[in-house]
Amino acid sequence: MKPIYLDYAATTPVDPRVLEAMKPYWNGEFGNPGSLHSFGQKASGALFSARQIVAGAIGAKYEEVIFTGSATEANNLALGGVMRRYVREQLKAKVKNPMPRIIISAIEHESVLKTAHDLARDGANVVIVPVSKEGVVDIKKLKEALNERIALVSVMTANNETGTIQPIAEIAKAVREFRGERVWPLFHTDAVQAFNYVKCNVNELGVDLMTLSAQKIYGPKGVGCLYVRSSKRGNFRTYPIDPVLTGGGQEQGLRSGTENVAGAAGFAKAVELVEASREKEAARLTKLRDICIRSIKKIWPGAKLNGDAKKRLPNNVNMYVPGKSAEEMIVALDLQGIAVSSGSACTARSPEPSHVLLAMGASKEVAKNSIRITLGRQTGEKDLAAFLAALKKLR
Ligand code: PLP
């Protein structure tokens, strides 16, 4: 039997059209975009087109797309970059306590959560806002945490474990209203999981910083980006963050290091392909997802869906199965050629129960006995039927 991959939230295969778009930049047009000669110019032209495509898709200016080596790096740049700039400006103004407050939600990906913990160790005041039992951020609590030292609010667009979609435009509005004419706080969203299925226009959402990743949208691994809202001062564009990686000054000085031209070209192609098929694919997968949820409940009458049933990514099923540990189910399904997971791939080897499910008020038993099935472009009805048949055998 052909193996069936149902872990598209962990990563996606590279689309053959993406692979094709990347090919010229490995050894043919291999120049360094920083070089003045024609090899360099070709590379810098390719990088420019890639940046324009990504920017166009999210309603940004091309200079506002900062390519990074991963979404993790983009999230580190968002949080660390804001903290550095804030502290620098407070010190310049001789403010007694230069340390900012940073608000994040309790269900953020580790690359936000752990970065925030690190910044707390460096002196930031980190506030973690709770979520409802469906996994939706408590906006009232978030608003209450805004104070005169607030530099950044970061809430993900959709959660990687439960697929719950957050009210980003509403949160952004609250942050902007609080900010008024001031620079702070900025609002960051990690839209890595959402981009495939949710239109991520930075102006419609009202966000100042947004993280995307190529490897979750049928692009290559090792490339992501951070959108950074800029303003113009004379002929110069100014950015509200400081770099974390310094060196040659690439990417508007915000992320030094020779750019991954092939990666950026692949990322841009992947973005184009998502933009061309988003609604259709979302509708197709929503149907499959709902069949999957109903069928699991029939196989296991005690099974329960984790996360909001409606405000949910079209490809995400996260279910508690009574009496069966996730580990046991993942291994048993893998032996039948089917790949599912228990939540985030980053913590799959950790013995700790999911921080996302615990934050939603789930017991340790529920958090330990929940599996995540995430569908994607290559998932058809037959694959779903094969998965359900394999799952039945575990009863
Ligand atoms: N943010 C979210 C929501 C994710 O799901 C992931 C990956 O699982 C990341 C960030 C980090 O992506 P990467 O491992 O490519 O840096």
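Author: A helix here is a DSSP run of H or I that covers at least four residues, and helices are numbered from the N terminus. The model is predicted.

Is Ala172 buried or exposed? The cut-off for buried is under 20% relative accessible area. Ala172 has a relative accessible area of 0%, so Ala172 is buried. Residues up to four places away in sequence aside, Ala172 touches Phe187, Leu205 and Gly206. Another distance can be given for Ala172: Ser154 is 18 residues apart from it in sequence, and the two C-alpha atoms are 9.9 Å apart in space.

Phe187 leads on to Asp208. Asp208 lies in the loop between α7 (202-205) and β7 (209-213). Its relative accessibility is 4%, and therefore Asp208 counts as buried too. A polar atom of the Asp208 side chain lies 2.8 Å from the backbone nitrogen of Phe187. The side chain of Asp208 also makes a polar contact of 2.9 Å with the side chain of Arg179. With neighbours within four places in sequence left aside, the contacts of Asp208 include Pro185, Leu186, Tyr227, Val228 and Arg229.

Next comes the ligand. It is surrounded by 13 residues, and the closest are Thr72, Asp190, Gln193, Gln215 and Lys216. This shell divides into three nonpolar, eight polar and two charged residues. Helix α3 (residues 71-92) gives the most to the shell, with three residues. Taken alone, the ligand exposes 390 Å², of which the protein buries 90%.

In soluble globular proteins, nonpolar side chains tend to be buried together. In this model the largest nonpolar core has 94 residues, and those with the most contacts inside it are Phe67, Ile296 and Phe387. Helix α8 (residues 261-299) gives the most to this core, with 17 residues. Another core lies apart from it and has 26 residues, among them Ala74, Leu77, Ala116 and Leu226. Back in the largest core, the residues that Ile296 touches, not counting those up to four places away in sequence, are Ala303, Val317, Met319, Ile373, Phe387, Leu388 and Leu391.

Conventions
Residues numbered from 1 in each chain as written. Predicted model: local features only at pLDDT ≥ 70, side-chain atom pairs only at ≥ 80, totals over all residues. Heavy atoms only, no water. Core = buried A, V, L, I, M, F, W, Y, C linked by side-chain atoms within 4.5 Å. Buried < 20%, exposed > 50% of the residue type's maximum accessible area, 1.4 Å probe, protein only. Helix = DSSP H or I, 4+ residues; strand = E, 2+ residues; numbered from the N terminus. Contact = heavy atoms within 4.5 Å. Near = heavy atom within 4 Å. Areas by Shrake-Rupley, 256 points an atom, 1.4 Å probe, with all protein chains shown as cover. Nonpolar A, V, L, I, M, F, W, Y, C, P; charged D, E, K, R; others polar. Polar contact = N/O pair within 3.5 Å; in protein donor to acceptor, adjacent residues only side chain to side chain.
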